[in-house]
Amino acid sequence: MLATGDETGLLKLVRISDDVVKSFGEQNREKAIVGFAPVTRSKFMLARKDGNVEYWELAYDETDGYDLKYLRSTEVGSSSSGVVGLYSSEKYDSSSSLVFNEEGALSIISHNHTSEVLKSTVKGPISAVSSCAGGGVAFGGRENDLTFFDSNTQQVIWNAKNVPYDKLRLRVPIWITAISFFNAEQTSLSGGCKLVTGTGHKQVRLYDTRTEPRPVKSFEIGEYRVTQIQALSDEQNIYVSDTVGNVYHYDLRNGRRLHALTSSDGAVRHMATYDDESTMVCVGLDRHARWHDINSQKHIKSVYLRNRLNACLPMRDDHAPAAAKKGTKRSRQDDSDGDERDEESVGGGSAGSDDLEDVDAFLGSENGDDDDSEQDGDSDEDDIEEEDSEDDDEASEDEDELEDEDDEDNQSGTD
């Protein structure tokens, strides 16, 4: 399952097994969805551009299948640019969320029914935010270098420094456009953390708050501004997207580009991985949600969602009944226009294989009967041929006897 939010304010739920899309809400660009924050496995919060935040829950109904249920909403009192979840150890066990805007205004919203809102401010402008365990939040923007913020004390606890001057002795401009933590759920504020950033000047920078404020590693990529960055838990591999829809896989150890995933037709606005980091989904200006297999680096599928997308939230369906999980099996065959055809088979797992074995056995028995009938037909034909040959032999013997009798009559006549 995948929840998406677009710039017209529509919330959509995509069922990946059969590409069924359900829409919720009304179109209003002032209420554009700017981000998601998970609360539990089945519950999440979304933030809208006008400052409204809403709580939704993924539910299952035996009649209608999966659906989203609206719970409640609250106001933060100012416009919003995004939202991130705040949690102590696991992102699906969140106690509050942080809503921010470009000017640096922060609103920490408790997930209890009182929806208490705490206000704070940091230096702006802000164009990228990411959170980690323990309530840590990283900010950055244009001429606003990386900042580490403790949401518990509402204080800035770490500030990054810019890289040294370039070869021409000129200051390197700052413009952070994307932030991602390594092992965000295992990071602690006291023990330090590792995170990677992307910039509007085509740079990727690795930071370690335990060592020094300057980047541990910095290198340039591609030709276009970085829009999103996704760090994997192995602390070596990252995925970077740009303003023209390219998604690249880089090895941080040497800054080498390893793979280029299937590109989009517009800038990627959000990337996210599923829990096991085997699949990554990208959404953006081309109105498609695209899934990629991280292990094989291949494009899995895409779904057209009509509007330009701002954010997405992968959701697991492990709370559903077992019968609902079987669904249909799909095999991918690319059409000439890039779409995909589906092949459905009833059931799943060992039960489906047993049914196939029974069918094969049944077909085999029919084929065996056909073979036996064919063999019987062949034996009948052989018997007929043998009878025909015996008749021919008898006819030839009768002709020989008649010829002998004629010869005897001729001889007696001469005598």
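The charged end of Lys301 sits over the ring of Trp291, 6.0 Å from its centre. A charge is taken to sit over a ring if NZ of Lys or CZ of Arg is within 6 Å of the ring centre and within 35 degrees of the ring normal. The model is a predicted one, so local features need pLDDT of at least 70 and side-chain atom pairs count only at pLDDT 80 or more, while totals for chains, interfaces and linings use all residues. Residues are numbered from 1 along each chain as its sequence is written, and side-chain values use heavy atoms, with hydrogens and water left out.

On the whole-chain level, the protein has 2 helices and 30 strands; these are DSSP runs numbered from the N terminus, helices being H or I with at least four residues and strands E with at least two. Of its 415 residues, 45% count as buried, where buried means under 20% relative accessible area, exposed over 50% and partly exposed in between (1.4 Å probe, protein chains only). The accessible surface comes to about 21,800 Å², and carbon and sulfur atoms hold 43% of that; the areas come from the Shrake-Rupley method with a 1.4 Å probe, and for residues only the protein chains shown count as cover. Take the contacts (heavy atoms within 4.5 Å) between residues at least 6 apart in sequence: 43% of them join residues at least 24 apart.

Back to the rings. Rings of Phe, Tyr and Trp (its six-membered ring) pair if their centres lie within 6.5 Å; planes under 30 degrees apart count as stacked, over 60 as edge-to-face and the rest as tilted. By this rule the count comes to 9 aromatic pairs. One of them is Phe219 with Tyr250, a tilted pair at 6.0 Å centre to centre with 40 degrees between the planes. Phe219 belongs to strand S19 (residues 217–220) and Tyr250 to strand S22 (residues 247–251), so this pair ties together parts that are 31 residues apart in sequence. Phe219 is buried at 14% relative accessibility, and Tyr250 is buried too, with a relative accessible area of 5%. Elsewhere, ring pairs link Phe24, Trp56 and Tyr70 into a cluster.

Now for the sheets. Strands of a sheet pair through backbone hydrogen bonds, either parallel or antiparallel. Here two strands pair if DSSP finds at least two bridges between them. An open sheet of 4 strands runs in the order S12-S13-S14-S15, with antiparallel pairing. S12 and S15 stand at its edges with a single partner strand each, so one side of each has no neighbour in the sheet. From one strand to the next, the twist averages 25 degrees, using axes that are lines fitted to C-alpha atoms (for helices over the stretch in contact) and angles that run from 0 to 180 degrees between N-to-C directions.

Within that sheet, S14 (residues 144–150) has 7 of its 7 residues buried, so the strand is largely enclosed by the rest of the structure. On one side, 5 bridges join S14 to the antiparallel strand S13 (residues 136–141). Phe139 stands opposite Thr147 in S14, and Gly141 opposite Asn144. S13 and S14 form a hairpin with 2 residues between them, and Glu143 in the turn has a positive phi of about 55 degrees. S14 also pairs with S15, again in the antiparallel sense, over 4 bridges. Thr147 has Asn159 as its bridge partner in S15. This hairpin has 4 residues between the strands, and Gln154 in the turn has a positive phi of about 55 degrees.

The other open sheet of 4 strands has the order S24-S25-S26-S27, also with antiparallel pairing. Its edge strands, S24 (268–273) and S27 (298–304), each pair on one side only. Neighbouring strands are turned by 20 degrees against each other on average, direction ignored. S26 (residues 288–293) and S27 run antiparallel and are joined by 6 bridges, with His299 in S27 as the bridge partner of His292.

Most residues other than glycine have a negative phi, and most peptide bonds are trans. Gly124 and Pro125 are joined by a cis peptide bond, with omega about -5 degrees, and Pro125 is found in the loop between S11 (117–121) and S12 (128–132). Arg169 has a positive phi of about 60 degrees; this residue sits in the loop between S15 (155–159) and S16 (176–181) and is exposed, at 61% relative accessibility. Asn183 has a positive phi of about 50 degrees and lies in the loop between S16 and S17 (194–199).
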